[in-house]
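This briefing covers one protein chain, grouped by topic. The sequence and the model come first, and the notes follow.

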Amino acid sequence: MINFRVNRRLLAEKMLESFKNGENNTFGLDSELLKSFQRGTTLVEYSSPNIAKKFHAGHLRSTIIGNFIANLKESLGNRVVRMNYLGDWGMQFGLLGAGFSRFGSFEKLKQNPLQHLFEVYVQVNKEAERDEDINRAARDFFRQLEQHQAEAVSLWRQFREITVDEYRRVYERLGIRFDVYCGESFHQRGAHEVVEQLQGRGLLKTSEKGTGVVDLSPHGDMSSVCTLLRSDGTTLYITRDIAAAIDRKEKYHFDEMIYVTDKSQENHFHQLFQILLNMGHSWAKRCRHVPFGLVRGMKTRTGEVVFLEDVLDEARSRMLHNMSQSHTTKETEQPADTAEKVGMSALIVQDFKGPLLSDYKFDWDRMLQAQGDTGVFLQYTHARLCSLMRKNEGVDRESFDPSLLPEQAGVFILQHLLRYDEVLHHSAQDLQPRHLVTFLLKLCHLIASAHRELPVKGSPQDVAQARLRLFGAARSVLANGMRILGVSPVDKM
């Protein structure tokens, strides 16, 4: 056992000297521990919804997890390419094209575009189960798309533009941005080039059904194959994914590429990386899939949720109600905007508290509690500290006496802040947000204790100065961590 004493004055001096103006957006990022990471270009593919469909609540996890990873990598000094790879190609567009010619209306498409496309898609899927003619028409339409026939391409382009406009609006609400909107459609020609390269290398075989397959079995006995080409010569999702990966390497010269999708696609990415390696692309070893589990029981008051905007509206509505009922809530100039940000924080923190691979049960009441370990608690703590700073704007914070912070409550905060770089290091290794969430929630509990035990109001001027420096540093690190999570800190609540 090793016993040692902490020099509290020196700890306070060294920890707080960089928070002279109450802000330090780079705190912890220049530590020796983080210098061990190689900096470079990271491409993160996330969100990736299917066009011609409203933004499903199921895409929320990929969107917020990918955003966290991109924020984390960026904060650690990487150049990050944020890519949204839209599902804008494939047999579902054959179905939608065939369905629109039967059930679609250009008038309804103008009035409520995505809702109408959703209704057409549901109807055509139902019909296709009992009518083989519709399946034939779907295959014909998709073949027309692959052959670039003008009428089919024009309809497809209309569907795509409508959807992207709608998605941009939803991403704005989420506080999410992308550098690149790409899609499977960009890689049709590349997919056929992949097929030719595989044939040239002798890697593409023809199955008994006439499909093009690659043998991925360890002993070359065709016990594990991946289909890349349908019997009619059209490409599949994985063929286009191979082409997309090769194109991205040539275009962005990435040092690592990270895909964020649900765990049902683990085998898909295992096959993708293996085929790329078989084709001689050694950089595939630096490609990584971050899988996540399912959210269970995500419902609004009206029942089962289908669309993400229903969830966002419900979170805002419930948060507005909670704020109006709380005696601690301050008057804000834009209560709906504050409720939206706090509700979004609650959604993100509930999602990030456990291992990403685990499924979890969605719980509105627990998620929106102000006193529990929630996103609301993070926001409440941040707003409370901002209020403290506003009330003491006249106090000089340029200088402070570190010997005036001897209390244990303050030392606990300083010791906890010392771990910030360690938490970022851990997060960067396994790309799990729970480490940072746990750190920030504990910080908020320590701040709550210190707020009670270290009052600023009524204290001598020099003591008030020292305590404000401490609380300012805690607020700054809390805000930095929240932004990496993708949470927008509010200053009034």
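What percentage of the 493 residues of the chain count as buried? In this predicted model, the share is 54%. The chain comes to 19 helices and 12 strands, and its C-alpha atoms fill a box of roughly 85 × 50 × 35 Å along the principal axes. Of the contacts between residues at least 6 apart in sequence, 76% join residues at least 24 apart.

**Helices H18 and H19**

- Helix H18 (residues 434–453) and helix H19 (residues 461–485) have axes that come within 10 Å and cross at roughly 155 degrees. H18 is therefore roughly antiparallel to H19, because an angle over 145 degrees counts as such.
- The crossing of H18 and H19 is left-handed.
- On the H18 side, the contact residues are Leu436, Val437, Phe439, Leu440, Leu443, Cys444, Ile447, Ala450 and His451. They meet Phe471, Ala474, Val477, Leu478, Gly481, Met482, Ile484 and Leu485 in H19.
- Sorted by class, the contact of H18 with H19 has 15 nonpolar residues, two polar residues and no charged residues.

**Helix H16**

- Helix H16 (residues 408–417) has 10 residues, and seven of them are buried, so the helix is largely enclosed by the rest of the structure.
- The buried residues of H16 are Ala409, Gly410, Val411, Ile413, Leu414, His416 and Leu417.
- These buried residues pack against helix H1 (8–16), helix H17 (420–430), H18 and H19.

**Salt bridges**

- The count of salt bridges comes to 32.
- Aspartate 313 and arginine 173 form a salt bridge with an N to O distance of 2.8 Å. This pair links distant parts of the chain, with aspartate 313 in helix H12 (residues 308–325) and arginine 173 in helix H8 (residues 150–174), 140 residues apart.
- Aspartate 313 counts as partly exposed because its relative accessibility is 32%.
- A network of salt bridges links Glu166, Arg169, Arg173, Glu309, Asp313, Arg316 and Glu340.
- Glutamate 132 and arginine 139 form a salt bridge, with their closest N and O atoms 3.2 Å apart. Glutamate 132 is partly exposed at a relative accessible area of 42%, and arginine 139 is also partly exposed at 34%.
- In the salt bridge between arginine 419 and glutamate 422, the closest N and O atoms are 3.6 Å apart. Arginine 419 is partly exposed, with a relative accessible area of 35%, and glutamate 422 is partly exposed with 40%.

**Positive phi in loops**

- Most residues other than glycine have a negative phi.
- Histidine 148, a residue other than glycine, has a positive phi near 60 degrees. Histidine 148 lies in the loop between helix H7 (132–146) and H8, and is partly exposed with a relative accessible area of 48%.
- Leucine 431 is not a glycine either, and its phi is positive at about 55 degrees. Leucine 431 lies in the loop between H17 and H18.
- Is leucine 431 buried or exposed? Leucine 431 is buried, because its relative accessible area is 0% and the cut-off for buried is under 20%.

Technical notes:
Residues are numbered from 1 along each chain as its sequence is written. This is a predicted model: local features need pLDDT of at least 70, side-chain atom pairs count only at pLDDT 80 or more; totals for chains, interfaces and linings use all residues. Side-chain values use heavy atoms; hydrogens and water are left out. A salt bridge is a side-chain nitrogen of Lys or Arg within 4 Å of a carboxyl oxygen of Asp or Glu. Buried means under 20% relative accessible area, exposed over 50%, partly exposed in between (1.4 Å probe, protein chains only). Helices (H or I, at least four residues) and strands (E, at least two) are DSSP runs, numbered from the N terminus. Axes are lines fitted to C-alpha atoms, for helices over the stretch in contact, and angles run from 0 to 180 degrees between N-to-C directions. Angles under 35 degrees count as roughly parallel, over 145 as roughly antiparallel, 65 to 115 as roughly perpendicular and the rest as oblique. A crossing is left-handed if the near helix is turned anticlockwise from the far one by less than a right angle, and right-handed if clockwise. Contact means heavy atoms within 4.5 Å. Ala, Val, Leu, Ile, Met, Phe, Trp, Tyr, Cys and Pro count as nonpolar, Asp, Glu, Lys and Arg as charged, and the others, Gly among them, as polar.
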